[in-house]
Structure formats: C-alpha cells, structure tokens
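Dear colleague,

Please find the structure below, followed by an account of what was found in it. I should be grateful if you would read the text alongside the coordinates.

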Amino acid sequence: MNDNLVPGYDDVWLVVPLYNEAAVIAEVVRTARLTFPHVVCVDDGSSDDSAREAESAGAKVVRHPVNLGQGAALQTGFEYALSDPGMRCVVTFDADGQHQVDDVVVMVERLRRGDVQVVFGSRFLDERTKPSPLKRLVLRLAVAYTNATTKTRLTDAHNGLRVIDRRVVQQIHLTQDRMAHASELVAQIGSMQIDGHPVAYAEEPVHILYTDYSKAKGQSLWNSINILAELILR
Amino acid sequence: MNLLLIQIVLIGVVLAIAGRLVFSRGVRTQAVRRLGLVGFAAFAVWSILFPSVWNSIAHLVGVGRGTDVVLYALVLAFLSFTLTSYMRFRELENRYTRLARRIALDEAAPPRDPVAEPASAPAPAPAPEVPAQEAATNDDA
C-alpha cells in the first residue's frame, strides 16, 4: 500500500484501542495514515465490524480474543509497536475521531527536539476544547488527584492523546485494564528513570472534538467514581 | 460522644483490613492469615466447650450479649472476605489479560510488511529477525 508515502514519520506508530467503532474507524485510520503510515488498532473484542473496517483502511489489527478493556488494549498496542525495531515513538490515539492529526504532528515534532521523552496532550492549555462545565470540573478534580499522588504536574491527566518515546514505552506495564489506566500511565512515567534521570515530559495544547458521535460513545462521568475506586483498591 | 471499647475495636479492625488491602502483600500476609485461621479454629473449639466465653468477652468490651459480639465478628469477617476476594480477582484478571495479550500478539501480522521495498534495503535478512523476536519474548517473561 502507501506505506512509503510519508517517510518523515516512518518511525512513529499510532496505537488505537478499538471497541465497537465500525461507523467511524475506517475514516479515522484513513485520515491518520495520510500523515502517519503506521497505525495499529487493538480490537478489544468488538462485536461489530470494527476490525475489518480498520484493516481495510490500512491499519494493522491486533485482536484481543475477549474484551479486556482500554488499558489492556493500550498495553497490547505498545508491545506490538515495540516489536518493530524501527519504531522510535508511539502515539496513543482515540478511535472515535475526537483527536486531530495536526495536533499529533506538533506533539511528535516537540518530542523530536529531544529534550523530553513524553508529550502529553492537554485540553486546558488553550480555549479550543469546550467540555461541559460538569465534565470540566471532574477533569480538574482528576488531574488534582493525579498530581497529588504522582510526581508529575499536569493540567490534563486524562487526555488520550500522548506521544511516548520508545525507551519509555519499554518500561510501561499497564495493569489497570479498564479506565484507570490513564492515571496509572502518568504515575509510571512520573516515577520512571532513564539513564539515571527522571523522564522529562511536556504538554502541548490539543483540541478534542466533542462531536455528537463521541459524546454519545464517551464515558459517563459516573465512571470517574469507578476509576477512583480502582486506583485506591490497587 | 462516648466510645465503647467494642466500637474502638471494630473501627480498628476495619481500618486494619482496609490498610492491609492497600499496602501489604505477599508471603507475610499469607502467613499472618494462616496463623489467624489456626487461632480462630482453636478459639472456636474453646467457645464450643465453654459458650459463656462469648458473654465474658461481651461484658469486657461493653456489649450486652455474647450473640451480639458474634454478629459483629461475622460482619468483620465478611468485610475481610469481600476485600480479599476482590484482590484475588484482580490478580487473576491480570494473568488472564497477559494470556489473552500473548494470544493476540502471536496471531497478529508483523508490524512491517515484508513486501518488496524496491532495492533500497536489500533483504534485512530473515535470520536476525528470529532472535530479535525471541529476545523480545524473553524480556516479557
């Protein structure tokens, strides 16, 4: 296929957890692959045509035999990307089309400057993203909790858009299979050492598109209580 | 507010259970649990032979009847059981996830299609690829 269209990003892997997104995934993958040739969709036991749609759009598909959860899918995607010796960094990217490829380009370029090993996307560094007031409150509380319990200082810990250097990916071991993985990821990165130094990270503003589709699919705010419970009862 | 001895004991045990859940793990926890179980069995025999021991304990901690103490103990035992089961379940789930992930990765296509990259890189040679994959697998273990 067009794997060599954009040689500039041949060392980047987009990791996309995929669960019942057949309606949009092909378009999401196709758009992303115009810039980033390597996309792996981890199909988390979808009951619809998601996996086939993703494959037809040119993504590599890894299929969980049963539904395990988004955190488990991310970890699977990381390990798949690590099996490519040419991979230099991974991008965690949502399947529902709320992430912008332009934002990823900026974040990858930020990583390539070489002074940081992780770039987190943040909804709260500019005014483009417009979450509902309640969602904003919950996200703020979540990041306050994450900052209080880890060594990191972030403005938006639960953003699904991240760019992570290979050496950091090698040390990530997500055990929170379901939704608490975002906090776990931040915690692991916060306490990680590379060549005897703590991992350096940066935040870049990103725009999350809350379309009707993603709003309908997005997680309920009730889930934040479940996340908290899963984090405390480790 | 006047705390009865029983209230202090109950709160203490609840906190201990919660604390154990969050912090400790491993060999020592298991040993302590087994010792506790032996002690519990011994006490059970004792209290069958001398049922009045429950009443004595009740009076000691400020509860009216021995049966109430038994009830409180049961509640604590149930709470402890619930939390222990939750942790075991989590552990089991983690193993299950690793197993499923292994299967998923083994069945997946390789990250790069080996197809004709015209002459630019003449055969990255299949030979080094096999040890590389083995090494990755060993890393995981």
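In helix H4 of chain A, the buried residues are Val101(A), Asp103(A), Val104(A), Met107(A), Val108(A), Arg110(A) and Leu111(A). Here buried means under 20% relative accessible area, exposed means over 50%, and partly exposed lies in between, with a 1.4 Å probe and protein chains only. Helices (H or I, at least four residues) and strands (E, at least two) are DSSP runs numbered from the N terminus. The cover over the buried residues of H4(A) includes S1, H1, S4, S5, strand S6 (162–165) and S9 of chain A. The 12 residues of H4(A) should span 16 Å at 1.5 Å a residue, and the end C-alpha atoms are 16 Å apart, which agrees; the expected span is 1.5 Å times one less than the number of residues. After H4(A) comes Gly114(A), with a positive phi near 95°.

The model is predicted: local features need pLDDT of at least 70 and side-chain atom pairs count only at pLDDT 80 or more, while totals for chains, interfaces and linings use all residues. Residues are numbered from 1 along each chain as its sequence is written, chains are lettered from A and ligands numbered from 1 in the order in which they are written, and side-chain values use heavy atoms, with hydrogens and water left out.

A nonpolar core is a set of buried Ala, Val, Leu, Ile, Met, Phe, Trp, Tyr and Cys residues joined through side-chain atoms within 4.5 Å. The largest has 35 residues, of which Cys41(A), Val91(A) and Phe93(A) touch the most other members. At least two residues of this core are supplied by each of strand S1 (12–18), helix H1 (25–33), strand S2 (38–43), helix H2 (50–56), strand S4 (89–92) and helix H4 (101–112) of chain A. Another core, of 29 residues, lies apart from it and has among its members Leu74(A), Leu154(A), Leu174(A) and Val199(A). Beyond its neighbours within four places in sequence, Phe93(A) has contacts that include Leu14(A), Val16(A), Val28(A), Val101(A), Val104(A) and Leu161(A).

Which aromatic rings pair? Rings of Phe, Tyr and Trp (its six-membered ring) do so if their centres lie within 6.5 Å; planes under 30 degrees apart count as stacked, over 60 as edge-to-face and the rest as tilted. The count over all chains is five aromatic pairs. In one of them, the ring centres of Trp13(A) and Tyr80(A) are 5.8 Å apart and the planes stand at 85°, so the pair is edge-to-face. Trp13(A) belongs to strand S1 of chain A and Tyr80(A) to helix H3 (residues 70–82) of chain A, and the pair links parts of the chain 67 residues apart. Trp13(A) is buried at 0% relative accessible area, and Tyr80(A) is buried at 4%.

Phe120(A) and Tyr201(A) also form an edge-to-face pair, with 5.9 Å from centre to centre and 75° between the planes. Because Phe120(A) lies in strand S5 (residues 118–122) and Tyr201(A) in strand S9 (residues 201–205) of chain A, this pair ties together parts 81 residues apart in sequence. Phe120(A) is buried at 3% relative accessibility, whereas Tyr201(A) is partly exposed at 27%. Elsewhere, the charged end of Arg140(A) sits over the ring of Phe124(A), 4.3 Å from its centre; the rule asks for NZ of Lys or CZ of Arg within 6 Å of the ring centre and within 35 degrees of the ring normal.

Chain B has five helices and zero strands, in the order α-α-α-α-α along the sequence. Of its 141 residues, 16% are buried. Among contacts in chain B with a separation of 6 or more, 52% join residues 24 or more positions apart. Chain B exposes about 10800 Å², 71% of which comes from carbon and sulfur atoms; accessible areas come from the Shrake-Rupley method with a 1.4 Å probe, and for residues only the protein chains shown count as cover.

Helix H4 of chain B (residues 66–107) has 42 residues and reaches 61 Å from its first C-alpha to its last, close to the 62 Å expected at 1.5 Å a residue. Its buried residues include Val69(B), Leu76(B), Leu83(B), Arg90(B), Asn94(B), Arg101(B) and Leu105(B). Val14(B), in helix H1 (residues 5–22) of chain B, is partly exposed at 34% relative accessibility. Leaving aside neighbours within four places in sequence, Val14(B) is in contact with Leu76(B) and Leu79(B). Val14(B) and Gly64(B) are 50 residues apart in sequence and 21 Å apart in space, C-alpha to C-alpha.

Yours sincerely

Note on methods. Contact means heavy atoms within 4.5 Å.
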